[in-house]
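Welcome! Have the sequence and the 3D view at hand, and follow along one piece at a time.

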Amino acid sequence: MREKRKKNLLNVQIGLRIREYRLNRHMTHEHVSELPDVTVQYVSGLERGVTALLLPHSSTCAKSWIPAPTTSC
């Protein structure tokens, strides 16, 4: 039987933002996985909160499909 991965709260929150952004842009997992070194499985794991956003991917992803953070002052 496959072992269930433990979810980290921060990973879950990041995954929800990624999924929301992707869906608002009418993008599929396949569209996102066209980025260098990003697979459909990686994107799916990110969105489910079972995979952490790796530092090498963060800058590439941020430029392509993660919205800039908003600040409230």
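Helices here are DSSP runs of H or I with at least four residues, strands are DSSP runs of E with at least two, and both are numbered from the N terminus.

Before going further, please keep in mind that this is a predicted model, in which local features need pLDDT of at least 70 and side-chain atom pairs count only at pLDDT 80 or more, while totals for chains, interfaces and linings use all residues. Residues are numbered from 1 along each chain as its sequence is written, and side-chain values use heavy atoms, with hydrogens and water left out.

## The overall plan

How many helices and strands does the protein have? There are 4 helices and 0 strands, and from the N terminus on the elements run α-α-α-α.

Of the 73 residues, 27% count as buried. Buried means under 20% relative accessible area, exposed means over 50%, and partly exposed lies in between (1.4 Å probe, protein chains only). The accessible surface of the protein comes to about 5700 Å², and 55% of this belongs to carbon and sulfur atoms. Such areas come from the Shrake-Rupley method with a 1.4 Å probe, and for residues only the protein chains shown count as cover.

Contacts, meaning heavy atoms within 4.5 Å, also tell us about the fold. Among contacts between residues at least 6 apart in sequence, 55% join residues at least 24 apart.

Helix 1 has 16 residues and reaches 23 Å from its first C-alpha to its last, close to the 22 Å expected at 1.5 Å a residue. The expected span is 1.5 Å times one less than the number of residues. At the N-terminal end, Asn 8 caps helix 1, with a side-chain oxygen 2.7 Å from the backbone nitrogen of Leu 10. This is a polar contact: a pair of N or O atoms within 3.5 Å, where within protein one must be able to donate a hydrogen and the other to accept it, and residues adjacent in sequence count only if both atoms are side-chain atoms.

Which residues of helix 1 are buried? They are Asn 11, Gly 15, Ile 18, Tyr 21 and Arg 22. These residues cover an arc of only 130° around the axis, which puts them on the same side of helix 1. The arc is that of the directions from the helix axis to the C-beta atoms. On the other side of helix 1, Leu 9, Leu 16 and Asn 24 are exposed.

Is Arg 22 buried or exposed? Arg 22 counts as buried because its relative accessibility is 7%. Leaving out residues up to four places away in sequence, Arg 22 touches Met 27, Thr 28, His 29, Val 32 and Glu 47.

Asn 11 is in helix 1 too, and with 15% relative accessibility it counts as buried. Beyond its neighbours within four places in sequence, Asn 11 is in contact with Leu 46, Gly 49, Thr 51 and Ala 52.

## The core and helix 3

The largest nonpolar core has 7 residues: Ile 18, Val 32, Leu 35, Val 38, Tyr 42, Val 43 and Leu 46. Helix 3 (residues 40-48) gives the most to this core, with 3 residues. A nonpolar core is a set of buried Ala, Val, Leu, Ile, Met, Phe, Trp, Tyr and Cys residues joined through side-chain atoms within 4.5 Å.

Leu 46, in helix 3, is buried, with a relative accessible area of 2%. Leu 46 and Val 12 are 34 residues apart in sequence, and their C-alpha atoms are 7.7 Å apart in space. The buried residues of helix 3 are Tyr 42, Val 43, Gly 45, Leu 46 and Glu 47.

## Loops and helix 2

Where is His 26? His 26 is in the loop between helix 1 and helix 2 (29-32), and its phi is near 55°, a positive value in a residue other than glycine. His 26 counts as exposed, at 69% relative accessibility. In helix 2 we find His 31, and a polar atom of the His 31 side chain lies 2.9 Å from the backbone nitrogen of Thr 28.

Ala 52 is in the loop between helix 3 and helix 4 (55-64). Ala 52 is partly exposed, with a relative accessible area of 36%, and it touches Asn 11, Tyr 42 and Leu 46, not counting residues up to four places away in sequence.
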